Amino acid sequence: MSIELEQQNELKELRAEVTDWIKHNKPADPGFLLPQTFMEVGSEPVLDFLREWQHKVWSAGYLGMAWPEKYGGRGLSPAHQNLVDAQMKLARAPICFNVIGLGWAGPLILDKGTEYEREKYLKGILNAEDIWCQGFSEPNHGSDLGSIQTRAERDGSDYIINGSKIWTTMGNYAKYMILLARTEAQAERKYNGLSFFLAPMSAEGISTQPIQKLTGEYGFTETFFTDARIPADCIMGEEGQGWRIAMQTLQYERGAEAGAAGGISILSIVMNDLLKMAAKVEREGQPLLKDHVTRDNLVKLLIEEKALHLTDKRLGIPALCADYPNSLSLSGKLRSTEFYRRMRQYAQSLQGTQGSLYVGDDQAVDGGFWQRAYLNNFSTTIGGGTSQVQANIVGEHVLGLPKD
Amino acid sequence: MTRKTNMALAFTDEQSMILESAKGFCSDRSDITAVRSLLSSASGYSADIWAEMVGLGWTGIAIPEQYGGSELGIGSTVPLVESMGRNLLSTPYISTTMASQAILRGGSEEQKAKWLPLVAEGSVGTLALLDNEDWGASATSCQLSADMQLQGTKLLVNDAAVADFFIVSACHNGAQVLVLVEAAQLAEGALGAKVLIDETKRACNINFNGVTLSPEAILPQSEAALRDIKLLGALLTAAESTGSCAAALDLVVAYLTSRIQFGRLIGSYQSLKHPTVDILIGMDSARTLIYHAATVVGDQSLDQDAEIACRMAKAQATEALLYAGDRAIQFHGGMGFTYECDAQLYLRRALWSQHQFGDAQHHRTHLASLLLD
């Protein structure tokens with residue numbers, strides 16, 4: 001039997017195995033609306049639920065499958081992890097919520113870390129004992145990471161950190177933070193003065209203040225550093241390499257092939273879900289799906305979704321991307337996040353008078369899922385560079401239009 | 001309602017080569033000066049360029065080898081037509097391809113053996129389907145009597161003045177059929193040229209009264225062929241529109257990166273930059289959808305996935321082009337209001353294209369039945 005065929009059979013067996021496992025282990029309705037992303041872990045019960053779930057997934061051997069065994073992985077291929085993730089997604093299993101660990105810090109440590117760091121950090125990322133958060137954005141600097149002001153000053157065997165970070169997802173629950181701070185204030189180019197740290201959140205002088213989101217829930221903190229002292233060996237790489245490492249970190253989250261541990265990080269909402277919801281609604285005395293205006297709007301969204309979902313395949317065909325080669329990749333965030341924003345807004349509008357209900361009302365359509373999803377979606381059209389900044393990037397770097 | 005979505009998108013090496021050579025050919029033969037020089041000409045296209053295209057084998061791409069073609073499938077015409085759209089290169093290519101597809105999909109062995117080699121060698125054919133403004137009409141008022149007399153007028157027959165043959169829809173013994181009418185069978189004065197909003201295109205109304213046909217003129221598999229050519233025509237129009245949309249985008253980008261107002265290149269203004277990105281995104285979606293459709297249409301009768309793909313491609317591509325053409329005029333300011341500015345060519349193309357083979361609303365109405373019921 002060829003190696004390829006062998007792997008195909010192995011994957012086929014794995015599919016059957018994981019499908020069966022999910023059937024027996026997918027948790028019952030916890031009595032609250034499941035977080036759609038890791039940015040919705042706003043209370044202890046939600047945290048406990050997700051921590052227990054991720055631990056269970058890892059214990060079963062379905063997380064970090066392509067990571068080496070000695071760090072808690074299984075030494076298999078990214079294809080194994082992708083297959084498991086696809087089945088989890090299909091079954092609408094809860095997310096693996098330790099996203100910064102699984103998709104950013106973990107792969108970075110695996111790729112660039114020392115042996116000591118790998119042994120210290122990786123297993124705790126997979127089994128959900130150590131939650132990780134990310135400290136890049138700062139108040140007043142939004143998407144412009146080059147302007148980071150938080151200072152890290154070397155003092156003997158420590159660095160002393162002063163400043164503050166914002167939009168720290170799970171900052172109040174995290175044990176570690178990947179932290180971008182300025183070690184050289186007078187660097188010639190502002191990106192050169194930054195350094196990258198794996199900082200313990202328990203260090204004295206670090207405090208967090210939960211931020212209440214527009215949904216009324218929590219999930220982020222503002223994080224303050226007041227003469228916080230962290231061991232000097234927390235630095236990744238050398239002083240001044242922070243920007244480069246941070247940019248590298250962003251590459252891993254693209255999937256198991258890129259080094260991420262895997263696990264589904266988002267409960268995706270697709271048009272099919274919207275159609276199922278719409279099928280339950282009436283308008284003008286007849287089923288909503290018979291209304292012509294609604295039908296036309298739904299089809300418009302379906303066309304858009306199809307083009308969006310086919311993007312990756314077209315990216316694999318360079319001949320079809322010849323005139324603006326980086327167009328699809330650079331516009332990806334803008335296209336998808338804005339599509340989902342409009343789709344979710346539309347979903348709420350379709351609910352008739354029930355659209356005025358919200359999470360917590362027992363008559364809210366799908367438990368208020370769509371309302372909350374719409375409001376939360378702004379985290380994607382704002383976070384990681386607003387849609388307006390994204391449009392500038394596409395205009396300037398794809399079309400070659402001049403800067404402001 | 002929950003149906004599995006066909007997500008196929010493939011492009012063969014052969015298709016890549018076709019695209020490469022088509023891009024080169026079309027930009028070389030059809031720069032904007034050449035396009036403009038043909039606007040007021042009678043035929044609207046260059047016979048020499050058409051002959052070159054025939055010589056390159058383009059008219060035979062979707063025709064089986066046994067009938068003198070290269071049998072690469074109708075999907076392989078998509079990169080060709082996209083390239084033509086990109087350079088506003090008008091020829092009877094789409095019309096002829098659709099007429100030959102009608103014969104290939106609905107014709108008898110004799111019809112195929114006679115006409116398909118002629119098409120491969122450069123004969124021009126076209127479709128005559130419309131009775132009125134309603135592309136979505138399910139019947140036709142054009143009658144083919146029991147003794148094979150045609151009675152009726154067809155509207156907006158593309159490239160009619162240069163066509164050697166017509167595929168005409170008519171009602172015969174209570175059913176809709178496609179019949180093949182040769183140009184020589186038309187009465188004198190049967191063609192009435194129309195004034196089109198897109199000056200690169202040509203069309204006529206045709207009065208078929210008095211044409212007498214032999215029974216062999218009827219395409220035996222008319223019903224299936226009619227359905228297929230309506231969808232494939234939508235796909236090719238979408239491909240052409242996508243190309244034109246890309247060209248309109250290039251025009252906008254060129255202006256935004258050279259025109260200075262209030263001391264700045266106007267492309268630096270976000271009010272112009274962001275909608276230009278929207279043009280790009282619309283064009284990219286269209287391109288993705290036309291090549292998805294090109295992947296799923298085959299030589300067999302089109303299945304539901306292919307129908308969905310063709311309809312989506314058409315709805316997306318012509319709306320993307322309309323947006324691009326409209327914004328191209330606006331962003332050129334006063335210049336955009338002139339005939340001299342090329343932006344009008346794209347807007348006029350958009351306004352024409354949206355009504356070829358069903359407008360976006362028509363396709364969405366059908367998609368709604370396919371996707372929501």
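Colleague: What is the radius of gyration of chain B?
Modeller: Residues are numbered from 1 along each chain as its sequence is written, while chains are lettered from A and ligands numbered from 1 in the order in which they are written. The radius of gyration is taken over C-alpha atoms, and the globule rule is 2.2 Å times the number of residues to the power 0.38. A compact globule of 373 residues would come near 21 Å, and chain B agrees with this at 21 Å.

Colleague: What is the mean pLDDT of chain B?
Modeller: Where pLDDT is low, predicted coordinates should not be read in detail. In chain B, 99% of the residues reach 70 or more, and the mean is 97.

Colleague: How many of the residues of α8(B) are buried?
Modeller: Helices (H or I, at least four residues) and strands (E, at least two) are DSSP runs, numbered from the N terminus. Helix α8 of chain B covers residues 270-296 and reaches 39 Å from its first C-alpha to its last, close to the 39 Å expected at 1.5 Å a residue, the expected span being 1.5 Å times one less than the number of residues. A residue is buried if 20 or more other C-beta atoms, placed from the backbone, lie within 10 Å of its own, exposed if 12 or fewer, and partly exposed in between. The helix is largely enclosed by the rest of the structure, because the buried residues among its 27 number 22.

Colleague: Is Leu156(B) exposed, partly exposed or buried?
Modeller: Leu156(B) lies in strand β4 (residues 153-158) of chain B. Its phi is positive, about 50 degrees, although it is not a glycine. With 18 C-beta neighbours inside 10 Å, Leu156(B) counts as partly exposed.

Colleague: Is Glu284(A) buried or exposed?
Modeller: Glu284(A) sits in the loop between β9 (282-283) and β10 (286-287) of chain A. Its phi is near 50 degrees, a positive value in a residue other than glycine. Since it has 9 other C-beta atoms within 10 Å, Glu284(A) is exposed.

Colleague: What radius of gyration does the globule rule give for chain A?
Modeller: Chain A has twelve helices and ten strands. Its radius of gyration is 22 Å, so chain A is as compact as a globular protein of 404 residues, for which the rule gives 22 Å.

Colleague: What distance separates the centres of domain 1 and domain 3 of chain A?
Modeller: Chain A is divided into domain 1 (3-97 + 108-126), domain 2 (132-254) and domain 3 (271-397), with bounds from an automatic or database domain assignment. Four residues of domain 1 are in contact with eight of domain 3; contact puts the C-beta atoms, placed from the backbone, within 7 Å. Taken over C-alpha atoms, the centres of domain 1 and domain 3 of chain A are separated by 27 Å.

Colleague: Which helix supplies the largest share of the side of chain A that touches chain B?
Modeller: Between the chains, 39 residues of chain A are in contact with 37 residues of chain B. Helices that each supply at least two residues of the side of chain A include α7 (271-278) and α10 (327-349). The largest share, eleven residues, comes from α8(A).

Conventions: Predicted model: local features only at pLDDT ≥ 70, side-chain atom pairs only at ≥ 80, totals over all residues. pLDDT = per-residue confidence, 0-100. Contact = placed C-beta atoms within 7 Å.
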